[in-house]
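Here is a short briefing to read alongside the structure. Have the sequence and the 3D view open as you go.

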Amino acid sequence: MEQEKPIVKINTLELKVLAEAIIRHASVILVQRDPKDLKMDETSALLHRLWMRVAEKTQCRAGAYPNIKDHITHQQVLTLKLKGLLDKVLDTPLSDEQYATFLSNLIQRSLKAQTLHF
């Protein structure tokens, strides 16, 4: 029988450090998007990278993010996946309002930083 790994918790400061890294590297993240994945828009790419970084830091398996509904982008699916992961790994979970503010700030700052590089 395989034992489950214990969940590695992070605090909001560690989450902010991960988010700041996404903001700093936004231009690289956006250039690295798969051009064949038409649903991977800029916002989706940033959310995907943060989701992967949080999963890596907390040693959680990120898994797949099937976009089985006909969403135009992956944003809605990744928003839910990231929230679910954060609910599991943050020592103090974010409320829905805090999460929405956090994501809005991340996206705005990332896109602003990205335009400064071009």
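How many residues does helix H4 have, and how far does H4 reach from its first C-alpha to its last? In this predicted model, H4 covers residues 75-89, which makes 15 residues, and spans 21 Å, close to the 21 Å expected at 1.5 Å a residue.

**Helix H4**
- The buried residues of H4 are Val77, Leu78, Leu82, Lys83, Leu85, Leu86 and Val89.
- Lys83, one of these buried residues, places its charged end over the ring of Tyr99, 5.6 Å from the ring centre.
- As for pairs between aromatic rings, the count is zero.

**The largest nonpolar core**
- This core has 33 residues, and those touching the most other members are Leu15, Leu50, Val54, Leu82 and Leu86.
- At least two core residues come from each of helix H1 (12-24), helix H2 (26-31), helix H3 (42-58), H4 and H5.
- H3 gives the largest share, with seven residues.
- Leu15 is in contact with Ile10, Val54, Leu86, Leu90, Leu94 and Phe102, leaving aside neighbours within four places in sequence.

**Gln114 in helix H5**
- Gln114 belongs to helix H5, which runs over residues 96-116.
- Gln114 counts as buried because its relative accessibility is 12%, under the 20% cut-off.
- Not counting residues up to four places away in sequence, Gln114 touches Ala26, Ser27, Leu30 and Glu42.
- Ser44 lies 70 residues from Gln114 along the chain, and their C-alpha atoms are separated by 15 Å.

How values were computed:
Residues are numbered from 1 along each chain as its sequence is written. This is a predicted model: local features need pLDDT of at least 70, side-chain atom pairs count only at pLDDT 80 or more; totals for chains, interfaces and linings use all residues. Side-chain values use heavy atoms; hydrogens and water are left out. Rings of Phe, Tyr and Trp (its six-membered ring) pair if their centres lie within 6.5 Å; planes under 30 degrees apart count as stacked, over 60 as edge-to-face and the rest as tilted. A charge sits over a ring if NZ of Lys or CZ of Arg is within 6 Å of the ring centre and within 35 degrees of the ring normal. Helices (H or I, at least four residues) and strands (E, at least two) are DSSP runs, numbered from the N terminus. The expected span of a helix is 1.5 Å times one less than its number of residues. Buried means under 20% relative accessible area, exposed over 50%, partly exposed in between (1.4 Å probe, protein chains only). Contact means heavy atoms within 4.5 Å. A nonpolar core is a set of buried Ala, Val, Leu, Ile, Met, Phe, Trp, Tyr and Cys residues joined through side-chain atoms within 4.5 Å.
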